[in-house]
Amino acid sequence: MSSKLTLKTEGETHVVVTRRFAAPPEAVYRAHTDPKLIQQWLLGPDGWTMPVCINQAAPGGKFRYEWVDAKGNGFYITGEYLELEPYSRIVHVERMYLPDPTPDNHVETRFDPDGTGTLMTMRMTLPDPQTRAAMLATGMEHGMEASYARLELMIPAIQ
Amino acid sequence: MLMASLDGAFAALADPTRRAIVARLAKGEATVTELAKPFKMTQPAISQHLKVLEDAGLVTSRVDGAKRPRSLAKAGIDALDQWLAMLRSALENNYDRLDGVLARMEKPNAKKGAKR
């Protein structure tokens, strides 16, 4: 069902994610750079929203995304754009504040035409294998949180 | 508890030698002597790496006479697999939402049909 997405580690310090979309690269690129569009989908687990989405999509421009859940838990990331090639490629660095900043994650995102749609390839480069392991483990915690939240929702139904 | 064990597993796998040991054990069990050979490391050094992998729940051993062949611990490896599936599903949530956003976006400036 979710076979459209691939997620794999590569070498010592990379994580590569690919995903196909049924829209042309221009639309997918815009959905990655226009704050009004980003706020509609880049939300992670169910129940999280992004009240702050600042995005200066130009070389040297900065971005800042802040997420909160219904219980008031929150975290944010900041980043800078290094290269933008509309509508095919974005290179940026980002770090997450939990609340201490994580080491910089260097991300190259490509949007390649694929039939009438787009193949997106996001290649993350972490400074070292330890940071990559920590990043994957952090992603896990958020994934787990979503699972526990869903479990909470299910409990009344199965009692 | 599951999370704590996964933290240990990821920390253990942050080391390239230990990843290589896991890759070797994926092909079948091996003794410390057999493991030490391709890595050009001393047996105590390999034993130290194996201890980290065992503590992380990724590798297990059995007694075979004087030998203690090591193999992958299914439970620990399965936990890693499950975690990857979960991370994948969290990302898939985002991109499923993006599918919806893209479907609602109006076509950017009339561009007269397909150009590709």
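This is a predicted model: local features need pLDDT of at least 70, side-chain atom pairs count only at pLDDT 80 or more; totals for chains, interfaces and linings use all residues.
**Exercise 1. The sheet of chain A**

In what order do the 8 strands of the open sheet in chain A run?

Solution. Residues are numbered from 1 along each chain as its sequence is written, chains are lettered from A and ligands numbered from 1 in the order in which they are written.

Step 1. List the elements. Chain A has 3 helices and 8 strands. Helices (H or I, at least four residues) and strands (E, at least two) are DSSP runs, numbered from the N terminus. In chain A they run β-β-α-α-β-β-β-β-β-β-α from the N terminus on.

Step 2. Order the strands. The open sheet reads β1-β2-β8-β7-β6-β5-β4-β3 (chain A), with antiparallel pairing. Two strands pair if DSSP finds at least two bridges between them.

Step 3. Find the edges. β1 (6–10) and β3 (49–55) of chain A are the edge strands, and each pairs on one side only. From one strand to the next, the twist averages 20°.

Step 4. Place the helix. Helix α1 (residues 25–33) of chain A packs on the sheet and touches β2 (14–21), β3, β6, β7 and β8 (117–125) of chain A. Its direction makes about 155° with that of β7(A). Axes are lines fitted to C-alpha atoms, for helices over the stretch in contact, and angles run from 0 to 180 degrees between N-to-C directions.

**Exercise 2. Strand pairs and a hairpin**

Find the bridge partners of A:I54 and A:I90.

Solution. 

Step 1. Take β3(A). 5 bridges join β3(A) to strand β4 (residues 62–68) of chain A, and the two run antiparallel. In β4(A), A:R64 is the bridge partner of A:I54.

Step 2. Look at the turn. β3(A) and β4(A) form a hairpin with 6 residues between them. A:G60 in this turn has a positive phi of about 85°.

Step 3. Take β6(A). Strand β6 (residues 89–97) of chain A pairs with strand β7 (residues 105–114) of chain A over 6 bridges, in the antiparallel sense. A:T109 in β7(A) stands opposite A:I90.

**Exercise 3. A loop residue**

Is A:D69 buried, exposed or partly exposed?

Solution. 

Step 1. Locate it. A:D69 is found in the loop between β4 and β5 (74–85) of chain A.

Step 2. Count neighbours. A residue is buried if 20 or more other C-beta atoms lie within 10 Å of its own, exposed if 12 or fewer, and partly exposed in between; C-beta atoms are placed from the backbone. A:D69 has 18 other C-beta atoms within 10 Å, so it is partly exposed.

Step 3. Name the contacts. Leaving out residues up to four places away in sequence, A:D69 touches A:G47 and A:W48. Contact requires C-beta atoms, placed from the backbone, within 7 Å. A:D69 and A:W48 are 21 residues apart in sequence, but 4.4 Å apart in space, C-alpha to C-alpha.

**Exercise 4. Helix packing in chain B**

At what angle do α3(B) and α4(B) pack? Treat α2(B) and α4(B) likewise.

Solution. 

Step 1. List the elements. Chain B has 5 helices and 2 strands. They run α-α-α-α-β-β-α from the N terminus on.

Step 2. Take the α3–α4 pair. Helix α3 (residues 32–39) of chain B and helix α4 (residues 43–55) of chain B pack at about 110°, with axes 9 Å apart. That makes α3(B) roughly perpendicular to α4(B). Angles under 35 degrees count as roughly parallel, over 145 as roughly antiparallel, 65 to 115 as roughly perpendicular and the rest as oblique. From α3(B), the contact uses B:V32, B:T33, B:L35, B:A36 and B:F39; from α4(B), B:Q43, B:I46, B:S47 and B:L50. By class there are 6 nonpolar, 3 polar and no charged residues. Ala, Val, Leu, Ile, Met, Phe, Trp, Tyr, Cys and Pro count as nonpolar, Asp, Glu, Lys and Arg as charged, and the others, Gly among them, as polar.

Step 3. Take the α2–α4 pair. The axes of α2(B) and α4(B) come within 10 Å and cross at roughly 75°. These helices are therefore roughly perpendicular to each other. B:T17, B:R18, B:I21 and B:V22 of α2(B) meet B:H49, B:V52 and B:L53 of α4(B).

Definitions and conventions: Two residues are in contact if their C-beta atoms, placed from the backbone, lie within 7 Å.
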